[in-house]
Amino acid sequence: MDIQITQILFQAINFSVVLGALTFLLYKPVLKMFDERSQKIAEGQKAAEAAVTEKNELEQTRKKMENDLKKERATVLKEAQDEAKEKAQEILAQARKEAKAEKSKLLDSWDTEKAALLKEAKQDMADAVMAVSAKVIGKSLDVKAQQKLIDSELETILKNL
Amino acid sequence: MKPMLKVTVTSAVELTSSQAKKIVDAMEKKYTENTIELKQVVDHSVIAGVKITVGSQEIDATAYSKLEKLHVQLKQSL
């Protein structure tokens, strides 16, 4: 076997040309493509991270707003309850006051009525006593007694005439 | 002729003649310018005693008037 230097040289040059062509036509574009792809992936990852961060921030804001709302709701509810309690106590106190006044009014009115009834009863009694006395006196006096009484009264009347 | 003066006597029973005469005599003694006309009225509501009315003047000595006075005093004291 003979080693032909020209052949080797020719092959070497051939190889170099192919290598150069491949580097220029294939290697660099492919590398460029890989770089672009890596860049896109990195950008995509960055955007995803930013989105996750934003989402977390929004979630935190939402939770904070929810807590604030809960607190506010609790405050409003407590205020309303306190107000209602106060109002109920006011109404109760007013009702008690009115009931007391009404009771006092009724008692006074009862006392007045009682006094009036008592007075009426006593006057009725006086009338009854008068009527009974008149009947008893009338019935107990016979004609003789009546005449005697008339004589007695006439003596007084005619003496003072 | 003397003018007539009416004297009304109210009692629970009729007056006796002596009682009537007593009244007339007393009235004639008092009202000398008048002739006395006696009118007797029997009214059981006076209960007892006598009431003499001469014109507008009235002398009430009936049991009824005494009871009535007592009645008024009793009512006033209540």
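Predicted model: local features only at pLDDT ≥ 70, side-chain atom pairs only at ≥ 80, totals over all residues.
View 1. Angles run from 0 to 180 degrees between N-to-C directions, and axes are lines fitted to C-alpha atoms, for helices over the stretch in contact. Helices (H or I, at least four residues) and strands (E, at least two) are DSSP runs, numbered from the N terminus. α1(B) also packs on the sheet, touching β1, β2 and β3 of chain B. The direction of α1(B) makes about 145° with that of β2(B).

Residues are numbered from 1 along each chain as its sequence is written, while chains are lettered from A and ligands numbered from 1 in the order in which they are written. Local features need pLDDT of at least 70 and side-chain atom pairs count only at pLDDT 80 or more, but totals for chains, interfaces and linings use all residues.

**View 2. The side of chain B that touches chain A.** Here 24 residues of chain B are in contact with 22 residues of chain A (contact: C-beta atoms, placed from the backbone, within 7 Å). On chain B, α1 (17–30), β3 (49–54), β4 (57–62) and α2 (63–77) each supply at least two residues of this side. α2(B) gives the most, with 6 residues. By type, this side of chain B has 16 nonpolar, 5 polar and 3 charged residues. Nonpolar means Ala, Val, Leu, Ile, Met, Phe, Trp, Tyr, Cys and Pro; charged means Asp, Glu, Lys and Arg; the others, Gly among them, are polar.

**View 3. The open sheet of chain B.** Four strands run in the order β2-β1-β3-β4, with mixed pairing. Strands pair if DSSP finds at least two bridges between them. β2 (35–42) and β4 of chain B each have a single partner strand, so one side of each is left without a neighbour in the sheet. The twist averages 15° from one strand to the next. β1 (residues 4–11) of chain B pairs with β3(B) in the antiparallel sense, over 5 bridges. S11(B) stands opposite V50(B) in β3(B).

**View 4. I47(B) in its loop.** I47(B) sits between β2 and β3 of chain B. Its phi is near 70°, a positive value in a residue other than glycine. Most residues other than glycine have a negative phi. I47(B) is buried, with 24 other C-beta atoms within 10 Å; the cut-off for buried is 20 or more.

Definitions and conventions
Contact = placed C-beta atoms within 7 Å. Buried ≥ 20, exposed ≤ 12 C-beta atoms within 10 Å, placed from the backbone.
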